[in-house]
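This report describes how the parts of a structure are arranged and how they meet.

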Amino acid sequence: MSDLPSVAVGGSQGAAVGDYVQILKPRVMSLVVFTGLVGLVLAPGHLHPVLAAVAVLCIAVGAGASGAINMWYDRDIDAVMRRTMARPLPAGRMNPGEALGFGCVLAVWSVVIMGLAVNWVAAELLALTIAFYVFVYTIWLKRRTPQNIVIGGAAGAFPPLIGWAAVTGDIGWGGLALFAIIFFWTPPHFWALSLYRAGEYERAGVPMLPVVSGTRETKRQMLLYTLVLWPVTLAPWLLGIAGPAYAVCAAGLSLLFTGTAVQVWRDGTDRSARQMFQFSLLYLFLIFSLLLLDHVGGGRW
Amino acid sequence: MAAERRDERERTTRARNRALLFVLLGLVALFYVIAIVRMSGG
């Protein structure tokens, strides 16, 4: 079998199907799909269910493409961080060119299909999201500034806006409100992680806020962002795309989120930061679930 | 050892080819459905 295609890497067996799935960052993808779906459901208007499914598929594939290109570019720093060193590229199971090619093909595919099947506004937003994640976050900001995930976080906030645009064909205030929720949620979410991974980020040369400005300043900013989330999560109610029941629940969740930030502020150990990171995931999931529930139930729940 | 590695590599390649086949068939089905929906004014 010496005439096998030259896909094997560094004496390994070559990339397996699971490796291709792994470089798409399926966990990130699931959150992106969910928030994109909520944007699609909440948007005024109607989209054929098949086309809605295609839109969600394109958002998922576009997010996966961004993840693959990110893993290609960051393979050097992934190799020195414990959390990422088992990924297919740093582990030597996949050739860098394969990952880049795979990511680029999927990126083009997702944008073209979104444009042809759904509409070109959603496709342009998807292209912007991929470009923003790859060029602005991964290549430009990530290794240069502690504000990397503040500005770069916009890439993760686009999916509900894309979902919204898939239905309406434009960018509405409702879509922007959903965008803002994820945008302001991202910094405290990632800084909670970087608080207990600061050593790894420092070794990898990534200037995360705890590395550059210290834990005290990071905790202060995390707390401030959770306070900003109070009015931001109420925006869907103020804009009339969610009812008062949503507003009450969202306020309660934001209070809990701020509570976890206060705990992090007071706690000198990593424990509360880990708890806050876990809660931040639940928080975003619940906020978007509430929006969905409120819409499906017509605000009568 | 070398034979084992060769078998493993063959298995990986075969699995990858099968996955690619499913993806291509899925794409054909997807384009077909999209075309039907768009032609029916969806």
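## Domain arrangement

In chain A, the C-alpha centres of domain 1 and domain 2 are 21 Å apart. The model is a predicted one. Domain 1 of chain A spans 15–169, and domain 2 of chain A spans 172–301.

## The contact between the domains

Domain 1 of chain A contributes 29 residues to the contact, and domain 2 of chain A contributes 27 residues. On the side of domain 1 that touches domain 2, the elements giving two or more residues are α2 (26–42), α7 (148–152) and α8 (154–168) of chain A. The largest share of that side, 9 residues, is supplied by α8(A).

By class, the residues on this side of domain 1 of chain A comprise 18 nonpolar, 6 polar and 5 charged.

## Packing of α2(A) against α3(A)

Helix α2(A) also meets helix α3 (residues 49–73) of chain A: their axes come within 9 Å and cross at roughly 145 degrees. The crossing of α2(A) with α3(A) is right-handed.

Residues of α2(A) in this contact include A:Val28, A:Val32, A:Gly36 and A:Leu40, while those of α3(A) include A:Ala52, A:Val56, A:Ile59 and A:Gly67. The contact of the two helices has 12 nonpolar and 3 polar residues, with no charged residues.

## The contact between chains

Chain B places 13 residues in contact with 12 residues of chain A. The side of chain B that touches chain A consists of 5 nonpolar, 3 polar and 5 charged residues.

Conventions
Residues are numbered from 1 along each chain as its sequence is written. Chains are lettered from A and ligands numbered from 1 in the order in which they are written. This is a predicted model: local features need pLDDT of at least 70, side-chain atom pairs count only at pLDDT 80 or more; totals for chains, interfaces and linings use all residues. Domain bounds come from an automatic or database domain assignment. Two residues are in contact if their C-beta atoms, placed from the backbone, lie within 7 Å. Helices (H or I, at least four residues) and strands (E, at least two) are DSSP runs, numbered from the N terminus. Ala, Val, Leu, Ile, Met, Phe, Trp, Tyr, Cys and Pro count as nonpolar, Asp, Glu, Lys and Arg as charged, and the others, Gly among them, as polar. Axes are lines fitted to C-alpha atoms, for helices over the stretch in contact, and angles run from 0 to 180 degrees between N-to-C directions. A crossing is left-handed if the near helix is turned anticlockwise from the far one by less than a right angle, and right-handed if clockwise.
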